Amino acid sequence: MWRGKAFINSSLSIKGREIKAGMAENVEKVEEIEMAAEADRNRLKERKFSWAKLRRVDSLNLEAGRLSFSSSKGTKSKVDWLTTLSLAFQSIGVVYGDIGTSPLYVYASTFPDGIGDQDNLIGVLSLIIYSIILIPFFKYAFVVLRANDNGEGGTFALYSLLCRHVKVSLLPNQQPEDRELSNYQLDTPSSQLKRAYKIRGKLENSKVAKLFLFLVTILGTSMVIGDGVLTPCISVLSAVSGISSLGKDAVVGISVAILIILFTVQRFGTDKVGYSFAPIICLWFALLSGIGLYNLFTYGWGVLRAFNPLYIVDYFKRRGKHGWVSLGGVVLCVTGTEAMFADLGHFNVRAIQMSFSGIALPALLTAYCGQTAYLTKHPNEVGDTFYKSIPDPLYWPTFVVAVAAAIIASQAMISGAFSIISQSLTLGCFPRVKVVHTSVKYGGQVYIPDINYMLMIACVIVTVGFKTTEKIGNAYGIAVVAVMTITTSMVTLIMLVIWKINILWIALFCVFFGVVEALYLSSVLYKFVQGGYLPLAFSLVLMTIMGVWHYVHQKRYDFELKNKVSTEYIKQLADDSRISRVPGMGLLYSELAQGIPPIFPHFISSIPSIQSVLVFVSIKKLPISRVALEERFLFRQVEAREYRMFRCVVRYGYKDVMGTPEEFERQLVENLKEFIRHEYFIAEGGVTEQTTAQENPQSSTLVASQGKEKGTNKATVFVEESLNQLNPPRVSSGSTQSFNAARSANSSSRIIPAPLQGAEEEMQFVQNAMDEGVIYLLGEAEVMAKQNSSFIKKIIVDYVYNFLRKNFRQGEKVMVIPHTRLLRVGMTYEI
């Protein structure tokens, strides 16, 4: 016992000295950091806390998510070259179908009224060459992909990355301790660090900036999901229109059938779909390269002078406004670029870089150069350049592969839509949907059945409604360029605040790509009335859904935080003769991991009795494959100890199975008994100073088993400071008073304090309570707007949000709860 005490005391004191040393070394160098550290020091001195006990205010929610980042990084860093090559091969079939099929229609969209001057061909080819090199190759493959959030890409990944480093989330769930005492793990002082702190401070203190950043994020996300509708439509229609001799209705019918088949096979997962599609896209790129080289050999190599960017300047001087309008067609050569980032979670950064640099880039440049060489001799065939430039013996084989490649092009944005929606769920920005992880090896490969079929229905409606690719093409460019512009803006912010690189490089990136993409965006918006409104209409619907869900989710979170049950409220119930304890164990499920939820007193007011042992359970899904059993359960004692009430967060990876209720109950009780054993050990070992305990009687201890690490078992001790709770909530069924927890299974109708029992006796008491029976308590909170709320707020909360909540996946479906032992109590949250 004394050896254990000496070890804990020495380790804590060493840690205290290390923190002090780190503070002394760095605090004089940065003024902003010095002021923050001094404030923290003064606050702790006033409360007479020792440095050895510096911990989180309420760490249970934070500790519940601690595994996510370390495990994810560890998984990504262990990917070997063989796995990377396999992922690179798969990515060819999933990511590059869209950008790979752009040679089918780029020249036709760029010169709808004919080529005119032959030099226009060289100018447009030069634009195409540098658009592909600068945007997908340089910007995305080697800059944007670095801004991933633990291997996940897309607009929401950028937002999530910012939220983890800067408190810009609209949900008030971040505390200074969330960065694991980052105030005392200082970066090397520099002008970049000082600049980053200033920008971060302005963002964190501006509600307008937070709201604007969120709106931009969901706009970009909506555009990408809208691409998931437009890409299949234009790709399949453009390919099948090669047999237009059958008639327009036949082309539309065949396209719809192909789309239905495409969405149906999504349930097999990106892994299998990628391996199936990759050989076809590889063959497609081989044909593009072969046909391009054939045309260069046949019609001349002179078009290669387009690698000189001066031809771009000459092109705009010659064509003026018409050259600017033609950018709306040129930009189609980089459609599907965002899929490289959005689909990153299905693969990894190196795999995307290898497949694009080694396969896609050379094939595309060769194809466009070959088409330009062909058009120098046949300028009147610009409307059907690709098929006209194919040698006769390869025409039908190429046609079949082109149709297959166009179908596969849809896969890139479909997979990207799945990944982005999966990310939005973790930020509370999308209604609950079922997410199926389709690969054990690659955690980012997901399939969402509900979204899959919604996309399929939308694609069928658009295909049947428009029948041709002309208006869809006009809409396509707006969605593509809008997402690129948003990505550039957010990556610039990441460079400033997180990467902290030299301001000259940041300015060069922002200004150069900002100007290029602004030119493209202005050009595509010129065709707004000619079909460009379509992606904006999709985005408006999706932004409404995401915005409403996030807004109400935020208000509900605020309500639960403000009305969570205080310690005083619980103690008052000891004097209430109406409250009785009954033998058994109660598991009260709640999403709130930062305190006792307001639904609890509503339970007591409705049913004035509770089990002899009560556990507040919060299920938390982590973005890792599996959580070890010894790390799955985190507990915290609800004061006082004799109440026998506990808070518990149960953590699962996406491949973990909750198992049967009996198995879950057994695991929970075993871990709870282990927690009790550790807590008694700490109490008897005297880790907490007596003076601290006297001056801060509300402090409590959390012990979480961290599992086996390097052959040893470790137990981490967290000394926590209780939050200052607000008054207890008012509920519609009447007010209740807080209650003290029970004594024994034999107590009848009154809660009477009893002396603390030994650890073994407490553990046996918990076991007996489980043997008596486990009851599941589930609160069903209905959110309503207050009576004095505005008409718009009532529409949003009472109708739109509740419609989404009732028609999407319900929260209790993720919990394994036997209906025979389930007790439901409803409550209304007025926000």
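Buried residues have under 20% relative accessible area, exposed ones over 50%, and partly exposed ones lie in between (1.4 Å probe, protein chains only). By this rule, 56% of the 831 residues of the chain are buried. The model is predicted: local features need pLDDT of at least 70 and side-chain atom pairs count only at pLDDT 80 or more, while totals for chains, interfaces and linings use all residues. Residues are numbered from 1 along each chain as its sequence is written, and side-chain values use heavy atoms, with hydrogens and water left out.

Figure 1. Helices (H or I, at least four residues) and strands (E, at least two) are DSSP runs, numbered from the N terminus. A contact means heavy atoms within 4.5 Å. Of the contacts between residues at least 6 apart in sequence, 84% join residues at least 24 apart. The accessible surface of the chain is about 35,200 Å², and carbon and sulfur atoms account for 58% of that surface. Accessible areas come from the Shrake-Rupley method with a 1.4 Å probe; for residues, only the protein chains shown count as cover.

**Figure 2. Strand β3 (residues 580-589) runs parallel to strand β9 (residues 774-784).** Eight of the ten residues of β3 are buried, so the strand is largely enclosed by the rest of the structure. Two strands pair if DSSP finds at least two bridges between them; β3 and β9 are joined by five. In one of these, Gly586 has Ile775 of β9 as its bridge partner.

**Figure 3. Helix α25 (residues 599-606) is mostly covered.** Six of its eight residues are buried. These are Ile599, Phe600, Pro601, His602, Phe603 and Ile604.

**Figure 4. A nonpolar patch on the surface includes Phe307.** Patch residues have over 30% relative accessible area and no salt bridge; like charges are joined within 9 Å, and nonpolar side chains (Val, Leu, Ile, Met, Phe, Trp, Tyr) within 5 Å. A salt bridge is a side-chain nitrogen of Lys or Arg within 4 Å of a carboxyl oxygen of Asp or Glu. Phe307 lies in the loop between α13 (269-299) and α14 (310-319), and is partly exposed because its relative accessible area is 35%.

**Figure 5. Lys500 has a positive phi, near 55°.** Most residues other than glycine have a negative phi. Lys500 sits in the loop between α21 (470-499) and α22 (503-525). With a relative accessible area of 25%, Lys500 is partly exposed.
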